[in-house]
2 protein chains.
Amino acid sequence: MEIEQLGEFGLIARLQQRIEERRLPQPGAAGVRVPLLVGIGDDAAAWQGANLTEIWTTDTMVEGVHFTRASAWRDVGWKAMVSNQSDAAAMGATPLYALVTLGLPPGTRVEDIDALYDGMLDACAAHGGVIVGGDIVRSPVFFVTIGLTGATPNPLLLRSTARPGDAIAVTGNLGGAEGGLRLVLNKLEFMPDVAEALTTAHVRRTPRVKDGRILAEEGVRCAMDISDGLVDDLGKLCTASGVAAVIRAPDVPVHPALHVAFPQQATEFALMSGEEYELVFTAPPAVMGRVLPLLPAGATVIGHIVSGQPGRVRVEDANGQAIALPRGGWDHFRP
Amino acid sequence: MEIEQLGEFGLIARLQQRIEERRLPQPGAAGVRVPLLVGIGDDAAAWQGANLTEIWTTDTMVEGVHFTRASAWRDVGWKAMVSNQSDAAAMGATPLYALVTLGLPPGTRVEDIDALYDGMLDACAAHGGVIVGGDIVRSPVFFVTIGLTGATPNPLLLRSTARPGDAIAVTGNLGGAEGGLRLVLNKLEFMPDVAEALTTAHVRRTPRVKDGRILAEEGVRCAMDISDGLVDDLGKLCTASGVAAVIRAPDVPVHPALHVAFPQQATEFALMSGEEYELVFTAPPAVMGRVLPLLPAGATVIGHIVSGQPGRVRVEDANGQAIALPRGGWDHFRP
């Protein structure tokens with residue numbers, strides 16, 4: 001059987017089962033006990049330290065798959081680090097230490113690697129984290145893998161803790177990453193301020209590290225970051241929690257430049273755009289009311305959690321009618 | 001400038017400087033302080049937890065560079081995990097949690113991935129560690145990156161703590177990995193027991209996790225694992241410590257099958273063979289005398305640390321004459 005038949009998430013489920021079947025009891029040795037809190041299936045793994053909860057995530061970008069030679073290397077470095085910082089944010093954790101693995105083809109220019117690192121260091125300076133090592137290997141194709149640790153004194157933000165009656169909110173606004181990608185790919189021309197706003201939304205996303213920390217401090221328990229699209233990721237959150245969701249499309253915050261650049265598709269982009277790195281989170285309405293004004297990125301309530309088929313997300317229009325969406329979400333092995 | 005002009009270790013030094021120039025103060029936030037102990041340049045990064053020292057390492061294997069389609073997938077998985085467990089061992093730490101990143105070409109067989117994971121899980125069962133997550137991406141070339149954390153209640157084994165007068169010792173015996181590689185590459189034929197011993201030494205190395213833990217418990221402070229060859233790696237250890245070393249070639253323990261299979265090259269293999277994953281360590285003679293009988297892998301004193309040009313390793317024959325060695329060590333970017 002080839003991986004395309006299983007798909008990315010089918011393969012992950014298969015490997016997860018294989019790992020569980022041969023799972024050791026808690027690893028360690030005399031004097032070394034570090035209990036696991038979160039394994040496969042959330043934004044990051046996590047374990048319990050003596051006075052902090054520690055998290056650990058990893059993310060990879062491959063040339064020709066996640067970026068092309070037309071990309072600026074500094075932007076590639078930024079994105080590689082931010083995608084990991086965003087996973088830390090989605091757990092409510094503060095980024096701490098990063099290991100960087102590079103696969104480099106023969107003839108790679110050192111100046112390009114410098115720029116790649118500058119982008120990673122830009123992201124560390126802005127959102128936290130220190131590069132403390134890694135591995136550099138020869139490879140026929142360029143790739144960069146970053147692993148990032150983080151920690152928090154608070155209970156973690158998990159995918160599995162949404163409960164019926166919770167309100168659902170999202171930080172910032174959505175759709176700009178998709179708009180910027182189309183602008184770049186199709187060499188579209190817009191007014192300079194619109195073009196710049198969309199390009200920034202595509203190549204210089206902001207991980208919501210401060211917002212994630214505040215959510216955890218204020219008693220929110222359920223969040224994830226949007227990397228595969230709002231509807232798709234909210235579906236994963238609902239699956240992990242055994243619940244369903246209803247969201248109102250007119251309430252989903254849309255990147256303002258989309259109203260100018262892609263007026264017909266603005267809401268669709270907001271519902272489906274991946275690599276947004278905003279946080280989607282749920283909480284009882286009283287908690288939600290208290291936390292929303294505290295978030296630097298701002299946040300908008302877009303719906304609520306209901307009992308129902310686990311993982312199902314109903315998207316309603318202004319009249320409460322269900323909207324049919326194209327099959328969304330990113331699967332690495334399905335064209 | 002292309003990376004071949006700098007070489008692997010020149011590129012690492014350049015990036016290290018770039019990182020240091022833009023280094024943040026200790027990362028963290030209110031309530032989150034995790035001081036860094038070891039950054040770039042040792043077998044693993046390390047930081048100080050509340051009651052344990054935590055370490056973190058990563059290692060990558062790329063198809064066509066580190067293994068070929070002729071390799072058994074289960075052996076590839078074993079090696080990918082063991083190279084990380086060996087880095088933990090070289091710090092004196094117990095392996096805890098692993099994140100696995102796979103880059104998979106279209107058409108990859110699911111059964112091959114199963115076998116790869118079986119090899120990783122074999123290594124976890126034998127030497128510790130639990131797979132708790134990772135990332136799976138599409139890639140034109142197959143690669144596997146493993147990150148592994150570990151912890152220890154003891155002071156770390158470092159590369160930078162060798163002192164003149166220390167004895168130098170190595171666990172187990174050396175050269176078998178090179179012998180096994182040549183047997184496989186050149187399809188050589190030997191007596192079955194010799195062939196099996198060398199093949200095992202090539203594809204099923206043992207990371208010296210227990211030995212590393214005992215070294216740290218018993219007061220040894222300086223070690224690294226042999227991944228690029230004894231002489232080359234001891235040179236790196238000496239550079240990190242600002243010292244030089246003298247080793248006696250006749251005292252270096254040689255894999256017994258080499259005397260049969262490669263009698264003329266046995267010592268050269270033992271001095272130069274990479275991916276051995278034995279530990280080379282230094283300690284004052286009194287400490288060394290106490291610790292050697294305690295090691296499950298056994299260990300042999302092969303020389304001593306001296307003042308001198310940092311990083312210089314003098315290899316002597318039975319008469320105390322210097323032996324000239326071919327330039328050794330593995331550099332990913334130099335053919």
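**Reading a helix pair and a strand**

Guide: Helix 1 (residues 3–21) of chain A packs against helix 3 (residues 110–127) of chain B at an angle of about 25°, and their axes lie 11 Å apart. This is a predicted model, in which local features need pLDDT of at least 70, side-chain atom pairs count only at pLDDT 80 or more, and totals for chains, interfaces and linings use all residues. Residues are numbered from 1 along each chain as its sequence is written, and side-chain values use heavy atoms, with hydrogens and water left out.

Visitor: How are two packed helices described?

Guide: Two packed helices are described by the angle between their axes and the distance between the axes. Angles under 35 degrees count as roughly parallel, and helix 1 of chain A and helix 3 of chain B are therefore roughly parallel to each other.

Visitor: Which residues of helix 1 of chain A and helix 3 of chain B meet?

Guide: With contact meaning heavy atoms within 4.5 Å, A:Ile3, A:Leu6 and A:Arg14 are among those in helix 1 of chain A that meet residues of helix 3 of chain B, including B:Val110, B:Asp114 and B:Tyr117. The residues of this contact divide into 9 nonpolar, no polar and 4 charged.

Visitor: How many residues of strand 4 of chain B are buried?

Guide: Buried means under 20% relative accessible area (1.4 Å probe, protein chains only), and in strand 4 (residues 94–104) of chain B, 11 of its 11 residues are buried.

Visitor: Which strands pair with strand 4 of chain B?

Guide: Two strands pair if DSSP finds at least two bridges between them. Strand 4 of chain B pairs with strand 6 (residues 143–152) of chain B in the antiparallel sense over 8 bridges, with B:Leu99 opposite B:Gly147, while 8 bridges join strand 4 to strand 5 (residues 130–138) of chain B, and these two run parallel.

Technical notes. Chains lettered and ligands numbered in written order. Axes fitted to C-alpha atoms, helices over the stretch in contact; angles between N-to-C directions. Helix = DSSP H or I, 4+ residues; strand = E, 2+ residues; numbered from the N terminus. Parallel < 35°, antiparallel > 145°, perpendicular 65-115°, else oblique. Nonpolar A, V, L, I, M, F, W, Y, C, P; charged D, E, K, R; others polar. Buried < 20%, exposed > 50% of the residue type's maximum accessible area, 1.4 Å probe, protein only.
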